[in-house]
Amino acid sequence: MFLVLRGVGFNGGQEPAVGVFIDGMYQPQLGFDVSFLDLERMEMLRGPQGTVFGRNTQGGALNLVTRKPDEDFRGKAEIEISEFNTYRAQASVSGPLSDTVFAGINAEYMTTDGFVNNASFGGDEDYYDRYAVQGTVRFVPSDSLEIILSGDFSKRKGNEVGIGVPLDCRCYNSFADKIGPEDTKENAGGLLTINWDVSDNITLTSLTGIRKVKSFITFDFDGVPTNPLSVIANGVPASTIQPGPRLVSGNYQSIGVKQDFISEELRLTGTSESLDWSVGAYYFDQNQNQTRDRTVGPGAQFAPVAALLVPLYLQEDFDMDRDGWALFGQASWRPVSRLELTVGGRYSRETVEVGGERIRNLMNIENANPTFFQINAKDTYSNFSMMGSISYHLTDTTMTYFTISEGWKAGGFNRFPSTANAVLSFDSESSTNFEIGVKSSFLDNRITANLAAFYIKIKDQQLGTVTPDGAGVPVSTITNAGSSRSQGLELEVNARPTDDFRLSFSGSYTDTKFTDFVEIGAGGQQLVRDGEAFPFVPEFMASATAEYIFHIGDETTLEVSASYRYVDGYMVPDLAVGAALGSSLSVPSYDRVDARVTLGLRDNWRITGYVSNLFDSYDYTNISYENLGGQAPDSLFVIPLQPRQFGLIVRKTF
């Protein structure tokens with residue numbers, strides 16, 4: 001999963017452009033799994049944040065801050081029941097163990113049958129079971145020293161939707177016939193945080209983190225039942241992953257990932273009447289092993305253009321090691337009471353090394369001598385970026401600002417290189433961001449409004465694409481667009497006309513465009529894509545919420561709320577074999593309404609009834625042709641959003 005801000009991050013390559021941080025620690029690509037966390041607050045920071053955070057914040061940062069255990073004993077228990085046999089139980093408790101030691105634990109379990117049915121087997125398609133636990137110990141030996149040790153573990157076991165459901169039925173029925181082990185994901189991590197007040201105005205912070213993630217996913221690549229015919233294909237004696245013959249059948253793909261990540265960050269911050277400053281150093285080491293097994297047997301359905309490509313199998317096993325360090329700092333100076341000037345800088349250096357092997361056997365062409373290669377490549381990327389900002393308080397409640405900031409994301413090597421170019425590298429991506437805005441509040445803070453305009457110039461944007469290798473087999477790779485840009489407007493308004501009535505609105509307009517991008521196909525053909533919009537990025541998005549609280553007696557309340565969300569249509573790449581270079585498919589716009597009613601009772605009991613997708617609209621987030629089935633209208637598949645769902649939540653806090 002990749003977060004997208006202002007059109008940046010829609011295609012994250014190997015590392016996200018929008019960084020996710022939990023209690024200050026950067027979460028690697030596969031480490032974003034936080035549904036069980038007891039959050040104190042969530043901060044969405046737009047634009048590059050590299051002068052204040054450790055890593056990869058070219059597009060922005062999502063900063064999640066968990067609640068620290070303290071001297072107050074508190075806890076909560078929550079049970080949720082909803083349609084599709086969905087059940088969730090969550091509990092947390094925290095408090096003091098002594099005058100200086102505090103601890104907390106959170107746990108959650110969730111199970112669901114999912115809303116997609118498997119019409120081939122008569123069961124559920126997107127079912128899963130998931131459990132998670134997190135614990136924290138906080139030691140405060142003195143007023144100037146705080147030590148926090150936290151750890152978490154989660155495991156998810158179930159099934160993915162894969163290519164999706166046929167579009168022409170506008171239903172929630174999958175016809176996939178995947179046979180194999182269930183999909184799994186295990187995620188474990190720990191963080192040691194030390195905060196030391198060196199003096200009244202200076203604080204030293206150390207963040208030492210570790211995270212280990214394992215995942216295994218298999219899905220039916222064509223989304224339809226496959227004749228279980230099988231055939232024996234030759235291997236490669238020199239290979240470690242497939243030295244001998246193997247059986248090929250079905251139309252499946254399995255991907256396994258193991259990722260180990262460690263990081264260390266030191267920050268020194270200071271404050272005075274007119275100056276706030278911070279300096280930091282960051283180091284990380286990330287090791288990832290990724291395997292893929294792609295098989296297409298003789299009974300698979302495929303278009304004539306793919307006839308020579310099947311039966312086939314691909315097997316790959318690659319290690320990707322990435323390590324790096326950075327120095328960063330930022331200072332804000334207030335020469336007069338209403339004016340603030342901020343400058344910052346960051347130097348980053350990352351080294352990427354890849355090694356592994358790939359086998360491909362197109363049985364009608366290569367069975368006697370399957371294509372085989374091994375690679376071992378290494379490169380280093382570095383960058384210095386800066387930011388500057390000026391803000392001025394027109395009044396005590398209205399502030400204007402202007403910011404220029406530079407962002408950067410290191411290059412690397414494709415995890416699944418194409419045979420046509422075994423060591424297929426891509427360059428670093430960089431951006432220059434301009435933003436001007438105003439933040440204001442009115443009527444004793446009963447109304448707050450934020451308006452921002454932005455322009456982002458991107459160089460060597462990292463784009464996911466499909467590059468057919470020498471035999472025409474499509475291979476997912478990452479390439480660079482010479483230059484591109486994103487510009488737009490954002491508006492946020494929150495109103496509280498009375499103590500019991502609240503309204504909120506947020507909307508954005510994002511205009512994206514490639515300004516210098518020539519895509520190159522397998523046969524050397526070229527396509528100029530200048531002027532095209534970014535895929536996966538809606539032009540308009542908006543959401544609104546209204547909430548009213550009715551008081552029924554001294555200790556009973558009834559809270560009624562409704563929310564509306566609109567997402568504009570967008571384009572996605574056409575990845576079918578035989579698709580024209582640069583061709584796209586359209587995902588239409590959609591809007592949804594959710595509603596809930598909460599009864600607040602004495603002793604902190606709350607009972608909530610809700611309905612998601614109130615009007616039961618049929619919407620989807622991705623569309624594609626069956627990969628080898630050509631481009632017939634009946635071979636379009638979509639990933640549907642959830643239909644209408646009713647649910648009940650019972651919660652007790654203490």
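How many bridges join β3 to strand β4? Select residues 60–66, which make up β4, and you'll find seven bridges to β3, with the two strands running antiparallel. Strands here are DSSP runs (E, at least two residues), numbered from the N terminus, and two of them pair if DSSP finds at least two bridges between them.

Before going on: this is a predicted model, so local features need pLDDT of at least 70 and side-chain atom pairs count only at pLDDT 80 or more, while totals for chains, interfaces and linings use all residues. Residues are numbered from 1 along each chain as its sequence is written, and side-chain values use heavy atoms, with hydrogens and water left out.

Now bring up the whole sheet, an open one of four strands in the order β2-β1-β4-β3, with mixed pairing. β2 (25–26) and β3 (39–46) are at the edges with a single partner strand each, so one side of each has no neighbour in the sheet.

Next, pick serine 142, in strand β10 (residues 128–142). Serine 142 counts as partly exposed because its relative accessibility is 30% (buried is under 20% relative accessible area, exposed over 50%, partly exposed in between; 1.4 Å probe, protein chains only). From serine 142, C-alpha to C-alpha, glutamate 626 is 63 Å away in space and 484 residues away in sequence.

Last stop: the structure's one disulfide (a pair of cysteine sulfur atoms within 2.5 Å). Cysteine 169 and cysteine 171 form it, with their sulfur atoms 2.0 Å apart. The link is left-handed, with -70° about the S-S bond. Cysteine 169 is partly exposed at 33% relative accessibility, whereas cysteine 171 is buried at 14%.
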